[in-house]
Amino acid sequence: MKKIMILLSVFILSISIIGCEDKENTDDKEKQNQQKQEENNTSKDEEQNKDDESDEKENTKSYLEKTITTNASGENVVTNPNDILVIANKERNLPSDYEPSDLVAPDIPFVFKDSPVRFMREVAASNIEKLFAAGNDAGFKFYGRSGYRSYDIQKSLFDRYVDAKGEEAANKSSARAGQSEHQTGLTMDVTSQIVDLQLTESYGDTPDGMWLAENAHKFGFIIRYPKGKESVTGYSYEPWHIRYVGIDTAKKIYDLNITLEEYFRDHY
Ligand SMILES: [Zn+2]
């Protein structure tokens, strides 16, 4: 409406000028000033419309779309690495310089004593302590094997995997630097004596692995790479890899029997 009014007034202004040719010289300055004013208003109006449109676009964007940007090499990089719901996967890289500021070593048994990869973010560490204690009460002794891994550690791990088994195998089981959840500080690889403290698929069929899958959500953790969801998560089944997402979200994901990717796609 405002636009129409402006156009109308510009039109009326031009008509009146055409009809007053003899007064052109005296009215010239006035005319120029008025036109300038109108142009100004029009461009301001257009700007406002553009802003409204981009606001609207922003509002209809999903959480996943809102939390991604593209870096100079054309890779998708997440803008919320500190969010406990951050998704890092093969399509969403963590910034190469991201390191959580609140890493602590949880007070739980570890496969390797004083391991350099035993750290987690505070909230995940305090909850994994509770999870392991509940496991203890139920007769299970769990061990942590690998928690926070920096971008550089992940890079050398992946490169080593490629050297040993080739790029394709590495891509299924390991993660490229920036694409590993271990860099978030919200994950831990968990194991037990029943599988000789290894990380193996058969862990999911042991009483320990089954207890973990049934109870982790009560403490805010999910089995991040479930069986049969390889095409969604991009990773093979990993019954040992637990990820902290908070108790409410973990419960929803557990009840719906879905992955974190599906949670954001369909339920967030
Ligand atoms: Zn893991």
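Q: What makes strand β8 (residues 238-244) count as largely enclosed by the rest of the structure?
A: Its burial does: 7 of the 7 residues of β8 are buried, so the strand is largely enclosed. Buried takes 20 or more other C-beta atoms within 10 Å of a residue's own, 12 or fewer is exposed, and in between is partly exposed, with C-beta atoms placed from the backbone. Strands are DSSP E runs of at least two residues and helices are H or I runs of at least four, numbered from the N terminus.

Residues are numbered from 1 along each chain as its sequence is written. This is a predicted model, in which local features need pLDDT of at least 70, side-chain atom pairs count only at pLDDT 80 or more, and totals for chains, interfaces and linings use all residues.

Q: How do you know that strand β6 (residues 187-191) and β8 pair?
A: Pairing needs at least two DSSP bridges between the strands, and β6 and β8 have 3, in the antiparallel sense. Asp189 stands opposite His241 in β8, while Thr187 stands opposite Arg243.

Q: What joins strand β7 (residues 221-225) to β8?
A: There are 4 bridges, and the two strands run antiparallel. Ile222 has Arg243 as its bridge partner in β8, and Phe221 has Tyr244.

Q: In what order do the 4 strands of the open sheet come?
A: The order is β5-β6-β8-β7, with antiparallel pairing. β5 (143-146) and β7 are the edge strands, since each pairs on one side only. On average, neighbouring strands are turned by 45° against each other, direction ignored.

Q: Why is β7 called largely enclosed?
A: 5 of the 5 residues of β7 are buried, so the rest of the structure largely encloses this strand.

Q: Which residues have the most contacts inside the largest nonpolar core?
A: They are Met120, Ile128, Ala216, Phe221, Ile222 and Ile242, in a core of 33 residues. α4 (122-137), β6, β7, β8 and α9 (247-256) each supply at least two residues, and α4 gives the most, with 5 residues. Such a core is a set of buried Ala, Val, Leu, Ile, Met, Phe, Trp, Tyr and Cys residues joined through C-beta atoms within 7 Å.

Q: Why is Phe112 called partly exposed?
A: Phe112 has 13 other C-beta atoms within 10 Å, so it is partly exposed. Phe112 is found in the loop between β3 (103-104) and β4 (120-121). Phe112 and Arg145 are 33 residues apart in sequence and 6.9 Å apart in space, C-alpha to C-alpha.

Q: How do you know how α9 lies against helix α10 (residues 260-267)?
A: The two helices pack at about 90°, with their axes 10 Å apart. That makes α9 roughly perpendicular to α10, because 65 to 115 degrees counts as such, under 35 as roughly parallel, over 145 as roughly antiparallel and the rest as oblique. The contact is made by Lys252, Ile253 and Leu256 of α9 and Leu260, Tyr263 and His267 of α10; contact means C-beta atoms, placed from the backbone, within 7 Å. Axes are lines fitted to C-alpha atoms, for helices over the stretch in contact, and angles run from 0 to 180 degrees between N-to-C directions.

Note on methods. Contact = placed C-beta atoms within 7 Å.
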